[in-house]
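I opened the model today to look up a few side-chain contacts and helix faces. My notes follow.

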Amino acid sequence: MAQLLTIEDLRLQAKRRVPRMFYDYADSGAWTESTYRANEADFANIKLRQRVAVDMTNRTLASTMIGEQVSMPVALAPTGIAGMQHADGEILAAKAAARAGVPFTLSTMSVCSIEDVAQNTDKPFWFQLYVMRDRAFIERLIDRAKAAGCSALMLTLDLQILGQRHKDIRNGLSAPPKPTIANLINLALKPRWCMGMLGTKRRSFGNIVGHATGVGDMTSLSAWTAEQFDPTLSWDDVKWIKDRWGGKLILKGILDAEDAELAAQSGADALIVSNHGGRQLDGAVSSIAALPGIVEQVGGRMEVWMDGGVRSGQDVLKAVALGARGVLIGRPFLYGLGAMGEDGVRLALEIIRKELDITMALCGKRDIQDVDASILVKGKA
């Protein structure tokens with residue numbers, strides 16, 4: 001096997017090993033995918049200042065995110081059905097994140113349940129919440145996250161209705177896959193994945209099946225979300241959830257300065273500048289382009305993080321330079337997970353850490369907390 005040196009190397013390996021419907025689920029955007037592409041392209045347009053003859057010894061990437069010590073300002077983003085990229089995927093990713101000293105966020109739409117991840121890991125993780133019409137189910141989810149010792153709740157605000165992703169519809173996305181002829185042929189070409197799935201009982205939506213009222217078997221992600229995700233979500237609901245949870249609260253999906261102001265007034269601890277990886281509103285601004293204006297609007301009242309388009313440690317550094325306290329990665333760790341399981345997630349984090357460290361040094365900085373817009377070429381941010 002060729003050496004895996006970049007996130008792109010992991011992506012190509014994952015594409016070979018993961019069934020098409022699950023690889024496409026991770027690696028797609030809404031409609032024309034223009035925002036999905038812009039997330040990456042806009043990072044590439046930001047140029048760095050190379051500095052020389054400065055002391056580059058004793059470097060540190062250590063920081064904090066909502067008061068939690070992190071080995072670098074990176075966390076694993078919540079990603080739906082990660083347990084279909086690789087058997088027991090969420091548990092493996094949580095273990096790799098803990099070993100790397102960065103936070104892991106479990107999605108509501110995970111394959112491994114909250115309890116499953118808590119029982120199989122030693123470090124507290126974050127839990128991401130979607131707001132459903134069934135408020136009693138939401139209350140139970142929050143209580144389950146508390147009972148599992150989750151150290152923060154991440155409320156996603158930008159998925160009141162599901163953006164259309166053409167690949168998912170064409171592939172007939174379901175967990176587990178429906179036994180159509182096309183799917184069976186594709187699965188036959190992925191023996192490593194199939195053997196892993198045969199060795200686990202975790203093959204559906206662990207947080208929902210057996211927990212949501214009347215849901216004993218849920219195979220279709222899109223059908224259930226279309227029925228259950230609540231289009232009436234409001235800032236009153238944010239307050240209700242904050243009060244019910246009582247702990248650290250992170251708001252995910254802010255892309256506009258007006259919404260950032262409302263987020264700052266909500267009393268939450270952090271917001272994430274995010275367009276859902278280009279999977280919701282196609283034609284929206286990229287996350288990195290939106291970041292500086294939101295940092296300015298918030299004015300230090302809460303931490304500002306970002307996700308979307310991050311494919312390297314250089315991207316992390318650029319986001320920090322533009323005011324992000326932390327950066328979340330979704331696809332990079334999913335590529336690692338699909339490529340090599342827990343070892344792949346660990347490798348993805350090592351790749352990002354090394355790129356971040358070397359780039360920071362070559363920009364003349366030794367401490368990630370000293371990084372600001374001065375490392376960027378003016379007019380290129």
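The model is predicted, so to speak of local features I need pLDDT of at least 70, and side-chain atom pairs count only at pLDDT 80 or more, while totals for chains, interfaces and linings use all residues. Residues are numbered from 1 along each chain as its sequence is written, and side-chain values use heavy atoms, with hydrogens and water left out.

Next, the aromatic pairs. I pair rings of Phe, Tyr and Trp (its six-membered ring) if their centres lie within 6.5 Å; planes under 30 degrees apart are stacked, over 60 edge-to-face, the rest tilted. I get 4 aromatic pairs by this rule. Trp126 and Trp305 are stacked, 5.4 Å centre to centre with 15° between the planes. This pair links distant parts of the chain: Trp126 is in strand β5 and Trp305 in strand β9 (residues 303-307), 179 residues apart. Helices (H or I, at least four residues) and strands (E, at least two) are DSSP runs, numbered from the N terminus. Both Trp126 and Trp305 are buried. Buried is under 20% relative accessible area, exposed over 50%, partly exposed in between (1.4 Å probe, protein chains only).

Then helix α11 (residues 235-245). Which of its residues are buried? I find Asp237, Val238, Ile241 and Trp245. They cover an arc of only 105° around the axis, which puts them on the same side of α11. I take the arc from the directions from the helix axis to the C-beta atoms. Asp236 and Lys239 are exposed on the other side of α11. The cover over the buried residues includes β5 (126-129), α6 (135-147), β6 (152-156) and β7 (249-254). Contact here is heavy atoms within 4.5 Å. Just after α11, Gly246 has a positive phi of about 80°.

I checked helix α3 (residues 34-44) too. Its buried residues are Thr35, Tyr36, Asn39 and Phe43. Down the axis of α3 they fall within an arc of 120°, so they line one face of the helix. Among the elements that cover them are α13 (287-298), β9, α14 (313-321) and α15 (331-340).
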